[in-house]
Amino acid sequence: MTFQNKLTNDIDHELYLGKKSIAIKVSNLYKRFEDLTAVNDVSFEIFEGEIVGILGPNGAGKTTTIRLLTGIFKLEGKASIEIFNEGITTNLSKYKINFGIVPEVSNAFSDFTVWQNLKFSGGIYGFPKEKIEKRSKKLLEQFGLLDKMHSKTKTLSKGLKQRLNFCLALLHEPSILILDEPTSGLDPISVKLMRNRILQLKKEGKTILITTHDMQEAQTICDRILIMNRGKIIADESPDTLRKRFKSTSTILFKIDGVLSNDHKNTLMDTFNTIKEVNDYYAFSSNDVIRDISMLYNFSKENNLTISDFKVKETSLEEVFIHLIQKDSISMGVK
Amino acid sequence: MITDRLNRIWILSKKNVSLYIKRGPVLIFGLMFPFFMTLSWVIGRNITIHHVFIGIVSMTSFFTATAISPVVLPIETREKSLERILVSPISLHEILLGIVIASTLYSLIITSIITIIFILMFSIVFTSIATIILMFLGICLMAILGSLLGLLAAANPTDRTSDVMLIINLIKFPLLFISGIFVPLQNLPSNLLFLSFFSPITFLADLLRFCVDGSNFFTYQVDIFMLIIWIVVMFIVGYMLHKRTMPKRLAETGKTKKKMMMMKKNIEASRVL
């Protein structure tokens, strides 16, 4: 089964196809560094206003894909990129204006102040000084950096530098935002602020492509996830669909007041054959949560037992990710 | 469109001047080096004031011009700010011109100050206004040429300034020693005289000789023509080299190199599985 360009199985994206125009269309991306193929025949589409996450282990080709997409690396072979139906080759400067890029590590000039960095960026995009000042102040206020406007960038903490990266990326009001591990190494408050801002930007209609190692982040904010391994896309679906498709089981955990007799334990074993004791809880895998909860309720009622605590643990995206990467690696080993 | 481009080049130049003028390699190789070199050359020797003037102006112009241009790209590669510039609507030639203009301006300002101070202090007399104009034209051309030479050395896709400074010093000193600054071209043996034609400083020093005391070897037209030829060649070669090495600079330095190693390990690990 190939996942390349496979959106048809996903109802959400059928809806997208109907309602939204394609913001980014990437076909046959390929990049080789000496003896290493970093990106190998990658194709995908991103719809306007969508947040798409690229997940993958280190060296999977995520950053190279972004560099190809943003015009830093020249396209090779049959590769083509269209942004709002306009090809990359027609006008590179005009093409680049579409993007705002937030890198993993700060790439602002460290000896410039926050304001000097913004002034430089605004100037490059041809904005007059008044517009740069107005827009900068608005962004600095949104990201809580207004009081640092005249501080040198090198004196800022990692979290503040990342906020500045967001301001720099948004200064020219791009329609597409590319975030390369934007919350990596940040404190929880900064992470929360960033995620809220990303969701706010989606509401404002921005198309967002985000690379991350944080599965929780991907699950929370992404509409769709591309999983990359060894330069190829091995999955392209919404987080929920991915979880359902590749790891359909959930885990049900419960706690019973008092001590269970051996008979009760045997009955439980017969009913839920994967059951095991985890600390004070009993846990078993379930393919049908509603049915199994109902069976557990009947069991407790018939045996006069009281369930004092009860949890259903959904399959995490992290488990799906590990499963897919291992599966892909095994298939490569077979080859 | 053209005004947008010029505006971007000017913004890049201003950025380069304000960020790199105080950097260690710029101060050491741009100011301290020509100063101490001139001192060691002049002290204890019986050299005419005109000869000293030609040497000081040529060396200052050449050293200051090759100070900023080699350091910008390695530093910006290391600090990742080059990637930020590359994702904005700026072309490679705008980036390179921004560096050349910054380096040229730095050289022009420092050399002009040194030249004016020297003229006033030692009452150097010029035969006509035209020779003064010619002298400044020569200084301008050398400032552009030196900047381009520095940029050429910076085509090496490294993120360490020391790597580039090593290359530029390996080029600079032989060019200086064969240039006829220390020994006038008329006094050079024929094989060294032939070699001196391959140093652009030869033509600046010769032009300055024409302006100061008329003891030039070539005509001033030849000097100016040769300096322009050097500029054109340097620009074309530099641009082509940077165009070729820019993807390598982004792909193979710093963290990316580590990532490539990790990528290889990842593939190997997959094979084991």
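1. A residue is counted as buried if 20 or more other C-beta atoms lie within 10 Å of its own, as exposed if 12 or fewer do, and as partly exposed in between. S175(A) has 16 other C-beta atoms within 10 Å and is therefore partly exposed. The model discussed in this note is a predicted one.

2. The surroundings of S175(A) may be described next. This residue belongs to the loop that links α6 and β7 of chain A. Setting aside neighbours within four places in sequence, the contacts of S175(A) are N98(A), K206(A) and T207(A). Of the pair S175(A) and K206(A), the C-alpha atoms are 5.3 Å apart, although 31 residues separate the two in sequence.

3. Chain A as a whole has 335 residues, of which 40% are buried. Its secondary structure consists of 12 helices and 14 strands. The C-alpha trace of chain A extends over about 80 × 50 × 40 Å along its principal axes. Among contacts in chain A with a separation of 6 or more, 73% are between residues 24 or more positions apart.

4. Chain A contains an open sheet of six strands, with mixed pairing, in the order β6-β7-β8-β3-β9-β10. The edge positions are taken by β6 and β10 (232–237) of chain A; each has a single partner strand, so one side of each lacks a neighbour in the sheet. From one strand to the next, the twist averages 15°.

5. The pairing of β6(A) with β7(A) (residues 176–180) is parallel and comprises four bridges. Within this pairing, V102(A) is opposite L179(A) of β7(A). Helix α6 of chain A (residues 158–170) lies across both β6 and β7, and runs at about 170° to β6(A).

6. Elsewhere in the sheet, β3(A) (residues 51–55) and β9(A) (residues 224–229) run parallel and are joined by four bridges. I54(A) has L226(A) of β9(A) as its bridge partner.

7. The buried residues of α1(B) are R8(B), I9(B), I11(B), L12(B), S13(B), K15(B), N16(B), L19(B) and Y20(B).

8. The packing of two helices is described by the angle between their axes and the distance between the axes. For α1(B) and α5(B), the angle is about 50° and the axes are 8 Å apart. This angle makes α1(B) oblique to α5(B). The crossing of these two helices, α1(B) and α5(B), is right-handed. On the α1(B) side, the residues that meet α5(B) are R5(B), R8(B), I9(B), L12(B), S13(B), N16(B) and V17(B). Their counterparts in α5(B) include E94(B), I95(B), L97(B), G98(B) and I99(B).

Conventions
Residues are numbered from 1 along each chain as its sequence is written. Chains are lettered from A and ligands numbered from 1 in the order in which they are written. This is a predicted model: local features need pLDDT of at least 70, side-chain atom pairs count only at pLDDT 80 or more; totals for chains, interfaces and linings use all residues. Two residues are in contact if their C-beta atoms, placed from the backbone, lie within 7 Å. Two strands pair if DSSP finds at least two bridges between them. Axes are lines fitted to C-alpha atoms, for helices over the stretch in contact, and angles run from 0 to 180 degrees between N-to-C directions. Angles under 35 degrees count as roughly parallel, over 145 as roughly antiparallel, 65 to 115 as roughly perpendicular and the rest as oblique. A crossing is left-handed if the near helix is turned anticlockwise from the far one by less than a right angle, and right-handed if clockwise.
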